[in-house]
Every structure is written in C-alpha cells, then in structure tokens.
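Let's take a walk through this protein, one region at a time. Have the structure open as you read.

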Amino acid sequence: MQQKTKLFLQALKYSIPHLGKCMQKQHLNHYNFADHYYNRIKLKKYHLTKCLQNKPKISELARNIPSRSFSCKDLQPVKQENEKPLPENMDAFEKVRTKLETQPQEEYEIINVEVKHGGFVYYQEGCCLVRSKDEEADNDNYEVLFNLEELKLDQPFIDCIRVAPDEKYVAAKIRTEDSEASTCVIIKLSDQPVMEVSFPNVSSFEWVKDEEDEDVLFYTFQRNLRCHDVYRATFGDNKRNERFYTEKDPSYFVFLYLTKDSRFLTINIMNKTTSEVWLIDGLSPWDPPVLIQKRIHGVLYYVEHRDDELYILTNVGEPTEFKLMRTAADTPAIMNWDLFFTMKRNTKVIDLDMFKDHCVLFLKHSNLLYVNVIGLADDSVRSLKLPPWACGFIMDTNSDPKNCPFQLCSPIRPPKYYTYKFAEGKLFEETGHEDPITKTSRVLRLEAKSKDGKLVPMTVFHKTDSEDLQKKPLLIHVYGAYGMDLKMNFRPERRVLVDDGWILAYCHVRGGGELGLQWHADGRLTKKLNGLADLEACIKTLHGQGFSQPSLTTLTAFSAGGVLAGALCNSNPELLRAVTLEAPFLDVLNTMMDTTLPLTLEELEEWGNPSSDEKHKNYIKRYCPYQNIKPQHYPSVHITAYENDERVPLKGIVSYTEKLKEAISEHAKDTGEGYQAPNIILDIQPGGNHVIEDSHKKITAQIKFLYEELGLDSTSVFEDLKKYLKF
C-alpha cells in the first residue's frame, strides 16, 4: 500500500532533491511539499490508512525525510476478546470503520511505505522487502523478496516501491536516515526472487508496459542534489539502459509522475517559478514524448488525465493563483486550455485527486482546511469545511471510485481518519475513542497586522485550563520560504509541551505558501524583509494579547527558516529568551555567491543573484543573519547541524556561530561585570541528511535546552516523552 504524499504542488518539495534549503517533508504549493509524513500512521492492530490503490500520486515522487518510529502509549491497548470476522461483502471503508469502533486508539506508530498491486501488498518487514496476500497483510505470513542488508548500508529503509504492471518485477528505492543518497534495486519476481540490478542515486521512477508486454522502467538520476537526466531500462532477455532526456538548464530539475489511470507518464521539468511537461504514452513508451506546453517564465502547471482529457492545475492568467483547466489529450497546448474551476482569494491548493466521476481538491482557505468535491458529469461543486482543529492533510491512495479517504492532523493531535463517500455525498469520520487532547487543549486562529497593514495568520495551541497565560512559556514556529507551509504534522514532543503548559504559536509569514502563490511572491527576492516584519508583528501581537512575555518566549526554525529566525535575533533580540535552530541557513550572501554549491543556481528565484545584481546583493546584506551580527545582547541559541549536509554546508553554520560568540564576548566586555552572557551551543551530528526530524537525541537536547534557559523543571516532560518516543 502506497503512502500518498501531496499531489501536484507538493511533489516537488520532498520528492525532488533540489527544492532548496528545505528538506523536506509535509505537503500543493508548487514546491511546498508539506506535511512530510507521507508514511502512514497505523493503529497498532489495524491499519488506519489502509491503502486501496496501486497507483501513486504525483507527490509520491517526492523524496521525503520520513519519521519512522514513535508510539503513543498513554493507555495500554485493550485486548479484544471473541473478535468476530467481518462480512466479506462489506466495502473497505466500512471494514475500517467497524474495526475503529471497537479498537483502542491510544497507540500509534509510523509505518514504512507499502504498495498494493494485484492481490499482494509489498512492504518492508524488518530489514527485508516482503510481500503478502492482501487479506493476510496484517499477519506474519509473507514472502521475503530482498534482504536490505545485502547493500551493506547502515540501518537502511525503503523509501518508495513500484511494482511492474504484470508483477514480473518490483523496484524499491532504499535510503538511510543519515544520508540523502539512495539506491534503486530491481527484483525479479519468481519462485526464487532475485535482485537483477541496482541503480545508484535514483530520485523518481515509474513502470510502464510497451506494445509487446515488456516492462519498461523510467527513472531520474540525481547527481549533487541535481536531477537532470531521465533513463529508461528493460530487463530479462532484452536488457537495455539508455538515457532518454537531459535537461540543459541547471536551474531546473526533472521528476516523473504516472497519471492515476496509468495512461500517461509525465516528465515534469521545473524550477521555482516555471514548469514544462512532456507526455509519454503509457501504451507506447518507445514513441517520442509529446510536449504539452513549452515553458513560459512564471507559468507553473501540473497534469492529470481522465477519459481522454487532461486536467491541468496552473497559475496561468489572472489572478496568478492556481486554477483548474482542462483540454483534450490530443490538443494539449495552452491555447486549448479551458477554465474549469477557480479558487477563492487567499486559497492554497494542497492536493488534487482524480476519480472516475469526481475531482477532489484539498484546500486551505484563510488558514482553515476544506475539501471541494467536483462532479465531472454535471460540473457540480460541494465545498466541505473541515474541523477547526485540523491543520494538515495526510493523503491516502485509493482506487475505489466510491470513496475518497484521507486523514487530518495537527501538531498536537495524531491523525484521524475521514472518508468522503460519493454515492451518499457525505463525509464520514472515524468513530470510537476520542483523543483527550480535544478537551484539554484549544486551537486559536489569530491575525497580526504587519507594519505595511498586511494581516498575518497565526495558529495557537494551549491547554484549556491554563490560567494567566502571560506567565506561560511560548514556543514560536516560523519558516517563510519557497512557498512552503509551516510543517504542522503531528509531533509527540509538541503535544508533551502543551500538556506541560506551553503555548505553541505557528506564524504563517510571507514567503511561505499558506495563502497562495502571491503570499510566497510577497516574501521572496527583494521582499524578504516582509517575512521578518511579519514575524516581529506576530510575536508583539501575541504578547499584546496576553500570550506569554519576552522572558518566556522561545523560537524554533529549521533550514531556510533560520534566515528569519537569525534576522530577528539581530533586529529585535529583546523579543526572545532562547532559540533552537536545526540545519539553519544563516549565511545567505556568501552561499548565493558561490556557484560551485549544488543548489545555488536553483535558488536564484528565491534569494536573488548577488553575483551579478548589485540590487540583490545590497538587499541580502540588509537581512542576512551572518552579515548583521553585531555586539549586543542576544537570546541563547542552540544549533543542530549535520556534518555532511549538502544543502546547508556546515562551514557557514560554524562561521556564524564563531562570529556570534565574538560579538557576544565584545558586548560582555563593554557591559562590564555582572552581565549574564547567553549560551551559544553548536551540536554537530554525524551524517549527511539535511534534517532528521525523529532524532530522539536531537529532540531531547532541544527540550532540555529550552527548559534550562527558562529555568523550568523538565522532570515531568521527559517522563511524558517516554510514552511517545522509543528510547
């Protein structure tokens, strides 16, 4: 069963290696890749997100950084006695719903990728790629196809699985947690499964079958975080492996997506603002590909297919936000695109799913989640507002035309299962035990007015029974780059903080994608300072409304979020007491002037080109954290960096830390005796991954740092963490 990430726009974010200083994850913004949890969450005994489909969503191409092992054990699961078998004629949704009504739901764990194809489910069991009959997928009856230990990797895991149409072969992409490098193994399925070949550094890959029923694997090759080459290969008696396409522009990257009906394989060529798509006939893969529309600067588009029509999600035309268009598959050029559906203002398209008679759009409007169900027979539209506690979608693969399943989650609430049933026109919610967090906490949607008058959305969590919120510790979250949403997937350590009395505030500043493409455009290039102004306004608004105070306010950010976090430490350090940063981007100017780094050319659309444009250079100097360090009081800072991180080189982080310590030392000398200097900690972790979200060592180090800086007792919080994290 395949985990489904975010479809069109998110596919780029975690799937492709070049989406920037963001690793990740998470999730339909054109390079937002949103909630990085594309791994499914399963109820200990029953699969909450039981996949019914063997075709991946475009977002599954994304190379995500998985969270792979936590469990929530607030209550011990109740053993079910005399469990009755479920009727064979009950549809898949009803089976899941029936099980959920009787099963305890207090224990969760992240499960690796699975794929259902034909009558089998393919998945990872221990260190092996295995398959079992679908009806036995929850038992221990499985066939071992490949032992990952043969690759001699440290703690390998399967990141992606694709099964050939006639099940003669299965391809699996294998990675380790401490590296972005991957290996794709091709297993020949027979009485004695055997690895036929392996390909290094594969990013996306898909199977099609040619006119002679031969399986053809298309795959993209990644080199130095860049993905420019497409290959196609056959196996068995007619082996071949040839380069099919090479992208010449170094600012673009390439990924593959197989339409849900498998009719076309799409070659998607993109940078941060522009895209171009070619179609490979799924029935004649050796024929030359067909260009849908030549790249036009500033025009993004993504393609699905149904009944000889292409459905195109694009920002072409006014307003320059995403809209849905369609055209006949044999006349794909832009002049033939007809407008089919438009979004409201301030709407972010998170995902799109195509069914036989319906198209489902997953949306975020004014910081709330919606599902729009479009009837393709009569062009009817039904808009469903989802529960206000929900902050993110986890998409589920599905080939059943009757149902559209998905999950909703928040930073403090594990995913909850929902299914829209087309025949009844209703949204069904999982029943059974209600998570106690719904009664013990509150979620607030607030707005702050930035200095130019823009209203900046915030999402705030705190305990319901908290008294005198002004005396409670506050943890601010910020990102604000690449049009990516703040990651708001479930994190057990965030839940523990709220249970311990903390206030969590997520500031959706410009540069991110929460309010659509324009929200991103208003926070990139020579508008980056808008994001900083938004962050300052959010914190001051929270304090002004009685949420904590500067001496109890902390800030956390990762990757490109480090730009705004570091800039705030320079411009308004008095707003904060402590900061935690993970793999932070802190030296924008020197990084963007070094064209030998793998991502510099691809990032010009986000940060500008200081090497050739003096305006860009001078503007970056105004906010670059490294360039603006000065002798003054700073909040305490804890930085987690990774030794071989290719996206944010360690050298820049070390230089920033040394310069910051020097400035603090100089300020201490000028201030005189009695000055309490802030703590500056640089924790360098081994490995070459960009962000390791589920590192227990990192989580505990950051929480310990925050509690010590605020002078809080951390005994109970670490006891609670043990219920979630497998130490």
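## Aromatic rings

Y169, F199, W207, Y219, F221, Y231 and F235 come together as one aromatic cluster. Rings of Phe, Tyr and Trp (its six-membered ring) pair if their centres lie within 6.5 Å; planes under 30 degrees apart are stacked, over 60 edge-to-face, and the rest tilted. Across the whole structure, a search turns up 25 aromatic pairs. One of them is F221 with Y231, edge-to-face at 6.5 Å centre to centre, with 75 degrees between the planes. F221 sits in strand 12 and Y231 in strand 13 (residues 226-234), ten residues apart. Strands (E, at least two residues) and helices (H or I, at least four) are DSSP runs, numbered from the N terminus.

F221 counts as buried at 16% relative accessibility, and Y231 does too, at 18%. Buried means under 20% relative accessible area, exposed over 50%, and partly exposed in between (1.4 Å probe, protein chains only).

## Helix 4

How many of the eight residues of helix 4 are buried? Seven, which leaves helix 4 (residues 492-499) mostly covered. They are P492, E493, R494, R495, V496, L497 and V498. Just after helix 4, G501 has a positive phi of about 105 degrees.

## About the model

This is a predicted model: local features need pLDDT of at least 70, side-chain atom pairs count only at pLDDT 80 or more, and totals for chains, interfaces and linings use all residues. Residues are numbered from 1 along each chain as its sequence is written, and side-chain values use heavy atoms, with hydrogens and water left out.
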